[in-house]
Amino acid sequence: MTVPPRASTPALLQLDAILDRLSGRQALAEVCRFLRHTFPHYPWVGVYRVEGTDLVLDAWDGAQATEHTRIPIERGLCGQAVREGRSVIVDDVRTDPNYLACFLETRAEIVVPIREEGRVVGEIDIDGNTVNAFDATDRRFLETVAAKLGPAVERSGAELPLG
Ligand code: SME
């Protein structure tokens with residue numbers, strides 16, 4: 001599936017409006033909700049924040065909660081994107097030994113680092129329900145989204161932990 005320019009441009013404007021209106025974890029939660037509801041091939045959308053040697057799930061939207069609310073950076077596709085400082089697309093999670101399973105339905109995954117002043121401070125993680133769910137248009141679009149989220153992730157880290 002793809003994100004054509006005619007879909008990405010209005011979506012980026014809507015994301016700007018969300019980030020003008022909200023900050024920190026509230027902004028991240030609204031961004032996850034917006035992405036999930038705008039793009040049907042994004043059934044589970046999360047934002048993890050780097051905290052020491054771990055990734056902490058700060059916001060998500062999807063049908064089910066994940067048990068992976070804290071992931072050591074040395075593990076999983078989520079850890080790989082931070083370790084390598086680049087976006088990771090896995091076309092078929094069943095063939096990738098790094099994959100940490102969350103949901104039975106998941107068949108593909110994309111993880112895109114979020115940077116602030118050059119440092120990786122977090123990432124967008126999207127689970128898809130079909131093999132080959134994500135392509136280069138998703139990567140380009142989500143890298144543009146991620147470039148907007150650094151301040152919200154940093155602020156989220158300064159807020160109280162989730163109950
Ligand atoms: N599959 C991820 C773990 C997080 S869940 O997808 C929400 C991974 O391999 O790191």
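**Note on the predicted model**

1. T130 sits in the loop that joins β6 to α4. Helices here are DSSP runs of H or I with at least four residues, strands are runs of E with at least two, and both are numbered from the N terminus. T130 is partly exposed, because its relative accessible area is 39%; under 20% counts as buried, over 50% as exposed, and partly exposed is in between (1.4 Å probe, protein chains only).

2. Residues are numbered from 1 along each chain as its sequence is written, and side-chain values use heavy atoms, with hydrogens and water left out.

3. Overall fold. The protein has four helices and six strands, arranged along the sequence as α-α-β-β-β-α-β-β-β-α. Along the principal axes, the C-alpha atoms fill a box of roughly 40 × 40 × 30 Å.

4. Of the 163 residues, 50% count as buried. The protein exposes about 8000 Å², and carbon and sulfur atoms supply 50% of that area (Shrake-Rupley method, 1.4 Å probe; for residues, only the protein chains shown count as cover). There are 18 positive and 25 negative side chains, and the centres of the two sets lie 2 Å apart. Lys and Arg are the positive ones and Asp and Glu the negative ones, with His and the chain ends not counted; each charge is placed at NZ of Lys, CZ of Arg, CG of Asp or CD of Glu.

5. Contacts along the chain. Contact means heavy atoms within 4.5 Å. Among contacts with a separation of 6 or more, 55% are between residues 24 or more positions apart.

6. The largest nonpolar core. A nonpolar core is a set of buried Ala, Val, Leu, Ile, Met, Phe, Trp, Tyr and Cys residues joined through side-chain atoms within 4.5 Å. The largest one has 33 residues, of which L15, L35, Y42, F141 and V145 touch the most other members. Two or more residues come from each of α1 (5-21), α2 (24-38), β1 (44-51), β5 (108-116), β6 (119-128) and α4 (136-158). The most comes from α4, with seven residues. Beyond its neighbours within four places in sequence, F141 is in contact with V3, S8, A11, L12, L15, L35, F39 and Y42. Another core, of 10 residues, lies apart from the largest one and includes W44, L55, V82 and F103.

7. I126, in strand β6, is buried, with a relative accessible area of 0%. Setting aside neighbours within four places in sequence, I126 is in contact with Y42, W44, V45, A108, E109, I110, F134 and L142. I126 and D61 are 65 residues apart in sequence, and their C-alpha atoms are 9.9 Å apart.

8. Helix α3 (residues 76-84) is mostly covered, with seven of its nine residues buried. These are G76, L77, C78, G79, Q80, A81 and V82. Their cover includes β1, β2 (54-61), β3 (70-72), β4 (88-90), β5 and β6. After α3 comes G85, with a positive phi near 60°.

9. Positive phi outside glycine. E117, in the loop between β5 and β6, has a phi near 50°. At 75% relative accessibility, E117 counts as exposed. N132, in the loop between β6 and α4, has a positive phi of about 60° and is partly exposed at 45% relative accessibility.

10. E30 belongs to helix α2. Not counting residues up to four places away in sequence, E30 touches I18, R21 and L22. The C-alpha atoms of E30 and D127 are separated by 17 Å, and the two residues are 97 apart along the chain.

Terms used:
This is a predicted model: local features need pLDDT of at least 70, side-chain atom pairs count only at pLDDT 80 or more; totals for chains, interfaces and linings use all residues.
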